[in-house]
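Trainee: Can you walk me through this one? I would like to know what to look at.

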Amino acid sequence: MNNNSDHKYVIETHDLDIYYGTFKAVTDVNLQVERNAITAIIGPSGCGKSTLLRAFNRMNELYANSSIRGDVCFNGQDIYAREVDPVEVRYRVGMVFQKPNPFPKSIYENIAWTARIHGYKGKMDEIVESSLHQAALWDEVKDKLHQSGLSLSGGQQQRLCIARAISIQPEVILMDEPASALDPIATLKIEELMQELKKNYTIVIVTHNMQQAARASDYTAMMMLSRDGERSGTVIEFDETTRIFTNPKDKRTEDYVTGRFG
Amino acid sequence: MAELTLKKVETKAPAMNLRRKPRWGEMIIQGLLFFSGFFSILITLGIVYELGKEALLFFQMPGVDLLATVTTTEWKPHVNKFGIWPLLTSTMMTTFIAMLIAIPLGMSVAIYLSEYATPRVRSTLKPILEVLAGIPTIVYGYFALTFMTPILREIFGRDVVQIYNTGSAGLVMGILILPLISSMTEDALSAVPRSLREAAYGVGATKLEVAVQIVVPAALSGIAAAIIVGISRAIGETMIVAVAAGAGPNFTFSPFVGAETITGHIVRISGGDLSYDSIDYNSIFALGLFLFIITLTLNIISQAIVRRFREVYE
């Protein structure tokens, strides 16, 4: 589904620093995101996990004064290069947010609008149905496609947001704590869905929930505030998830994943 | 002795804590707030009563009837002809022209300020717009007469455009109402939660798509309110039309000729020497009542429209 699969990593960062004004929120991140895998970013609150995730599709630019140093490459191309359009980046690298945020339109329109703004024409019904199928939501909503997306339960809304994100077939889906506002059953559904989705998409997920990272991800990046008192977050360890949770190299990772702090 | 003290503590302490204490400050404030609310309702009722009473006197006068008033097109008090249409059409003309300017410009300004402008640009532009709203309307009146009218006469020809005309009054009224609409619309747009914008940006929408197709529909109820307040303001606006739109009722749909609006007529009649029981005096109350009914109807219609079409978020 993509024409750049000669690049081993979908997303790569090189010496990435992220600033809000003069405040350096994230320092010196070198990360490689494997294709068709789930990469989790874990770490304590306020260490810059979401900030890092948002840098992957230039969502951070919606906040005034945000800037980066270093680079973020998507299929080998620097997405912060002058000639790159952030709209195109977000088209290829979609996003699902912490709080479900369907548009205040019908379930059908949530997906159709998204497809339409990218010039999809023709069999809109099919795009809507297949997106909802892929997000494991079709059976629950097929009889009420023209009701407001906001009439659904929280977990259904979040799956609608996932359906919306995949309706335009991005290569990567960034998920910013997608289950933190949901109950355990809805959370489990999202996790099962992620396993299904990784066959076709690359997923990067930020999570507070270490069990979720351990259960659902293939790779894990451990973030923490750097110790030099700068209050800036960085990735202290990045490895296969099983290694991070069973045999971490860094003492701080071990303390964190065993629940000793954080 | 020890037992006695223990008993004392147990029985008295909780009872003391739970008893209702009079909070005088709270009661006074609550009373004052209630009185303020009550008082403003009372004033409104008083105004409606006075309008209705005097208007009723007008319709009871010989030679006047409601049906003729709302169906005929001649307003000539000295020959007992009270057809409201010439006044109504010029009010509609000036209002329509004003909204033709104020709605598109006001909406554009609001969308620019809320979705495109950097915080610095916004903090410079907003006060400037508010200055527009602070200019006395009499100044706008003379601006229409001495600036806008000559321009119109230059463009369309001196023999086409009269010195007093509803067109220039309407255009200038649009400028007057622009900041009102833009600031109310901007408030409505800013109230749309950031998460909704992020959702749209997150699927690769452009700024224009986010602004026009996501934020504006979500803010529709506030925007409709802004437009209705703007129209009501235009209908009730008096000084500009009194100065620039011309005197004397004129049943016409041409924006280039003078025609008196309802408010303009009220000003001219009430400025002259009028005895309290003359038919002219009573007629202006009937006109006032018409104005009141028009704006009230607009409000009701707009609320119904908004309930039908807005996209409810959260």
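Mentor: We will take the confidence scores, then the contact between the chains, then some strands. Keep in mind that this is a predicted model.

Trainee: Fine. What does the model score overall for ipTM and pTM?

Mentor: The ipTM is 0.91 and the pTM is 0.83.

Trainee: And what is the mean pLDDT of chain A?

Mentor: Chain A has a mean of 90, with 95% of its residues at 70 or more. For chain B the average is 87, and 94% of the residues score at least 70.

Trainee: Which elements of chain A have the lowest and the highest mean pLDDT?

Mentor: The lowest is helix α10(A), residues 251–257, with a mean of 88. The highest is strand β8(A), residues 202–206, with 96.

Trainee: OK, the interface. How many residues does each chain put into the contact?

Mentor: Chain A puts in 25 residues and chain B 21. The area buried between the two chains is about 1900 Å², and 61% of that comes from carbon and sulfur atoms.

Trainee: Which three residues of chain B supply more of its buried area than any other three?

Mentor: E198(B), Y201(B) and V203(B), which supply 29% of the area that chain B buries against chain A.

Trainee: How many salt bridges cross the interface?

Mentor: The rule finds one between chain B and chain A. In that salt bridge E198(B) is paired with R54(A), and the closest N and O atoms are 3.1 Å apart. For polar contacts across the interface, the count is six residue pairs.

Trainee: Which helices of chain B each supply at least two residues to the side that touches chain A?

Mentor: Those are α8(B), residues 194–202, and α9(B), residues 207–218. The largest share, eight residues, comes from α8(B).

Trainee: What kinds of residues are on that side of chain B?

Mentor: There are 11 nonpolar, five polar and five charged residues on the side of chain B that touches chain A.

Trainee: Change of topic: strands. How do β1(A) and β2(A) pair, parallel or antiparallel?

Mentor: Antiparallel, over eight bridges between β1(A) and β2(A), the latter being residues 23–34.

Trainee: Which way does β4(A) run against β1(A)?

Mentor: Antiparallel, with eight bridges joining β1(A), residues 9–20, to β4(A), residues 66–74. In β4(A), T13(A) has V72(A) as its bridge partner, and I11(A) has F74(A).

Trainee: And what stands opposite F74(A) in β5(A)?

Mentor: Q77(A) does. Two bridges join β4(A) to β5(A), residues 77–78, and those strands run antiparallel.

Trainee: Which residue takes a positive phi in that hairpin of β4(A) and β5(A)?

Mentor: N75(A), with phi near 50°. The hairpin of β4(A) and β5(A) has two residues between its strands.

Definitions and conventions. Residues numbered from 1 in each chain as written. Chains lettered and ligands numbered in written order. Predicted model: local features only at pLDDT ≥ 70, side-chain atom pairs only at ≥ 80, totals over all residues. Heavy atoms only, no water. Contact = heavy atoms within 4.5 Å. Buried area = accessible area lost by both parts, 1.4 Å probe. Salt bridge = Lys/Arg side-chain N within 4 Å of Asp/Glu carboxyl O. Polar contact = N/O pair within 3.5 Å; in protein donor to acceptor, adjacent residues only side chain to side chain. Helix = DSSP H or I, 4+ residues; strand = E, 2+ residues; numbered from the N terminus. Nonpolar A, V, L, I, M, F, W, Y, C, P; charged D, E, K, R; others polar. Pairing = 2+ DSSP bridges. pLDDT = per-residue confidence, 0-100.
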